[in-house]
Amino acid sequence: NASVATGLQFATANDFPERDPLTVTLEGSNATSLTTLNSGGSWTLIYNGSTGIDPVIIPPRSTYMVQQNFSNTAAYRNYRLLITSKRNISNSVQYAEVRIMGYI
């Protein structure tokens, strides 16, 4: 079923704070075929901003950050989360969990 996303909440990973994601985009799509979803053309931007992880102060590990809320009324069947920046130079990005908040 489609749902309406209205917020994100990230949890830090257990180690390597330099891998913390700092900014993200969240996109939604109602496409039903994998080919269409994988082509990238069916995605609509819902949110572009902070993960709630402080870029200066290193937060405790394995901890949920402040929920980031945003305005959205469109329902989507599929979501795509893209990490757009991280704390420091590293070969990867790492987080324990992300919750997409919203309603059906």
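Q: In the salt bridge with Asp20 where the closest N and O atoms are 3.1 Å apart, which residue is the partner?
A: First, a heads-up: this is a predicted model, so local features need pLDDT of at least 70 and side-chain atom pairs count only at pLDDT 80 or more, while totals for chains, interfaces and linings use all residues. Residues are numbered from 1 along each chain as its sequence is written, and side-chain values use heavy atoms, with hydrogens and water left out. A salt bridge here is a side-chain nitrogen of Lys or Arg within 4 Å of a carboxyl oxygen of Asp or Glu. With closest N and O atoms 3.1 Å apart, the partner of Asp20 is Arg87.

Q: How many residues apart in sequence are the parts that Arg87 and Asp20 tie together?
A: Strands are DSSP runs of E with at least two residues (helices are runs of H or I with at least four), and both kinds are numbered from the N terminus. Arg87 sits in the loop between S5 and strand S6 (97-103), and Asp20 sits in the loop between strand S1 (4-11) and strand S2 (21-29). The pair therefore ties together parts whose separation in sequence, in residues, is 67.

Q: Is Asp20 buried or exposed?
A: Buried means under 20% relative accessible area, exposed means over 50%, and partly exposed falls in between (1.4 Å probe, protein chains only). Because the relative accessible area of Asp20 is 0%, Asp20 counts as buried.

Q: Which residue has a side chain joined to that of Asp20 by a polar contact of 2.8 Å?
A: A polar contact is a pair of N or O atoms within 3.5 Å; within protein, one must be able to donate a hydrogen and the other to accept it, and residues adjacent in sequence count only if both atoms are side-chain atoms. The side chain in the 2.8 Å polar contact belongs to Arg61.

Q: How many residues apart are Arg61 and Asp20, the pair that links distant parts of the chain?
A: Arg61 forms a salt bridge with Asp20, with the closest N and O atoms 2.8 Å apart. Arg61 lies in the loop between strand S3 (44-50) and strand S4 (68-69), and Asp20 in the loop between S1 and S2, so their separation in residues is 41.

Q: In which strand does Glu27 lie?
A: The side chains of Arg80 and Glu27 meet in a salt bridge of 2.6 Å, N to O. Arg80 is in strand S5, and the pair ties together parts 53 residues apart in sequence, because Glu27 lies in strand S2.

Q: Which residues do salt bridges that share partners join into one network?
A: A search of the whole structure finds three salt bridges. Arg61 is partly exposed at 22%, whereas both Arg87 and Asp20 are buried. The network is made of Asp20, Arg61 and Arg87.

Q: How many of the nine residues of S2 are buried?
A: Glu27 is buried, with a relative accessible area of 13%. S2 as a whole is largely enclosed by the rest of the structure, because the number of its nine residues that are buried is eight.

Q: What is the order of the strands in the open sheet of three strands?
A: Two strands pair if DSSP finds at least two bridges between them. Thr25 stands opposite Leu82 in S5, while Gly28 stands opposite Thr44 in S3. The order is S3-S2-S5.

Q: The side chain of Tyr79 reaches the backbone nitrogen of which residue at 3.3 Å?
A: Tyr79 is in strand S5 (residues 78-86) and, at 23% relative accessibility, counts as partly exposed. A polar atom of the Tyr79 side chain lies 2.4 Å from the backbone oxygen of Ser3. At 3.3 Å, the Tyr79 side chain reaches the backbone nitrogen of Ala5.
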